Amino acid sequence: MSKRFAWLKKFALLLELCLASGLSPAHAAGFNGQSYVPLADWARASGLKCFWLKRGDEIVATNRTTRLVFDKYSRMAEVNGINVALSFPVAADRGTLLIAQMDLNTAIRPLLFLPRFTDAKRITTICLDPGHGGKDTGNHTFWHSEKTYTLALALELRDQLQKAGFNIILTRSKDTYVELPDRPALANRRGADLFVSLHFNATPTGKDDVEGPQTYCITPVGASSTDAQGEGANFGATAANRCENKSLLLAYQMQKSLVQSLRVPDRGVRRARYAVLRDAMMPAILIEGGYMTHPVERKKIYDAAYRRQMAQAMVKGILAYQRLVSPPPPPTWPTTNRPVVKNPPATWTGTNKVSIPKRAP
Ligand SMILES: [Zn+2]
């Protein structure tokens, strides 16, 4: 049994023990300091219908536009076809599945019910961070270094994003070593609107059957990161937690675009307090584009045509995110017969300036 699975199982069993001893979910919340709610109750209150896919084990909450799938004891939920990591496993109480309130607040609601982003600002500058470089090779598989392919992908992505009209900053444009804290620091200093770190993955043991991309964003305060086996929940807030909902949304749109465009297995949106993520003052994600330890996927990673497709998928992901968070386009007036604006917009911070016609005397 893997260490991670053992931790999940232990957590779930302890929670069930609390519940079996007659404690309500609210009391069970005392365990690990988490408050749990019945999934079906939350779904009903949110306008979703619930039904079992596997009685007692797998539940679907759905309506005309949304489909959520939750599995007993699992820390991975499916949100409209894309896997999203939860901070705490789904629990069970005598046939009822329960979800941590924190996961509703930090993983499910921000994706389903988009908040009104009062600080909406058009995205103009994106900082791309090719992972590793110089003395830090990253993964090294059969004479191929990760640092070579993260840079090649970043240069391709830079060109495509520039064509789409964005300004691009690179944390490195050559095979040079850049300290981890210097990467988000550069993005902060230059006022980037997004930070995207690019990596390729490898299994620690060289196991060769794992493939597909995964996209990381910052871990919520009070939770442990997806791959941390329950450790680090007391890490505290980082600079990146200030815009964690936007980072989650960017990670989700990116993962969705990669999985759907490249038709590859979905390794999910995940959470981590990576050094390059936690100091970023703007929405920030880290993409593991695929596994260099997988015999088929690694050949694709080494192929420029595939990296071009991957960059196209990334541009699509960024544009999808932009549509969700950017301010609405300013009104456009016809060039003749301009109407008199009685209540002109007080401020407009977007790049497209609106000229307000003068009032008639
Ligand atoms: Zn890496």
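How are α4 and α7 oriented to each other: roughly parallel or roughly perpendicular? They are roughly perpendicular (the label for angles of 65 to 115 degrees; under 35 counts as roughly parallel, over 145 as roughly antiparallel, and the rest as oblique).

## Before we start

This is a predicted model, where local features need pLDDT of at least 70 and side-chain atom pairs count only at pLDDT 80 or more, while totals for chains, interfaces and linings use all residues. Residues are numbered from 1 along each chain as its sequence is written, and side-chain values use heavy atoms, with hydrogens and water left out.

## The whole chain

The protein chain has 10 helices and 16 strands. Both are DSSP runs numbered from the N terminus, with helices being H or I of at least four residues and strands being E of at least two. Of its 361 residues, 50% count as buried, meaning under 20% relative accessible area; exposed is over 50% and partly exposed is in between, using a 1.4 Å probe and protein chains only.

Now for contacts, meaning heavy atoms within 4.5 Å. Taking those in the protein chain with a separation of 6 or more, 69% are between residues 24 or more positions apart.

## Helix α7 and its two partners

Back to the opening pair. Helix α4 (residues 101-112) packs against helix α7 (residues 244-262) at about 70°, and their axes are 10 Å apart. Those axes are lines fitted to C-alpha atoms, for helices over the stretch in contact, with angles running from 0 to 180 degrees between N-to-C directions. On the α4 side you'll find T106, A107, P110 and L111, and on the α7 side E244, N245, L248, L249 and Y252. Sorted by class, that's 6 nonpolar, 2 polar and 1 charged residues. Here Ala, Val, Leu, Ile, Met, Phe, Trp, Tyr, Cys and Pro count as nonpolar, Asp, Glu, Lys and Arg as charged, and the others, Gly among them, as polar.

Helix α7 also meets helix α10 (residues 304-325): their axes come within 8 Å and cross at roughly 140°. That makes α7 oblique to α10, and the crossing is right-handed. Residues in this contact include L249, M254 and L258 of α7, along with M310, I318 and Y321 of α10. The contact divides into 14 nonpolar, 5 polar and 2 charged residues.

## The zinc site

The zinc ion has H132 (NE2), E146 (OE) and H199 (ND1) as its protein donors, lying 2.1 to 2.2 Å from it. Donors are N, O and S atoms within 2.8 Å of the metal (3.2 Å for Na, K and Ca), and water is not among the atoms, so sites may look incomplete. Along the sequence, the donor residues follow the spacing H-x13-E-x52-H. H132 is in the loop between β9 (125-130) and β10 (140-141) and E146 in helix α5 (residues 146-163), so this pair ties together parts 14 residues apart in sequence.

Both are buried: H132 has a relative accessible area of 17%, and E146 has 2%.

Most residues other than glycine have a negative phi. H132, though not a glycine, has a positive phi of about 65°. R94 isn't a glycine either, and its phi is positive at about 40°. R94 is found in the loop between β7 (91-93) and β8 (96-100), and it counts as exposed at 64% relative accessibility.

Methods:
Left-handed = near helix turned anticlockwise from the far one by under 90°.
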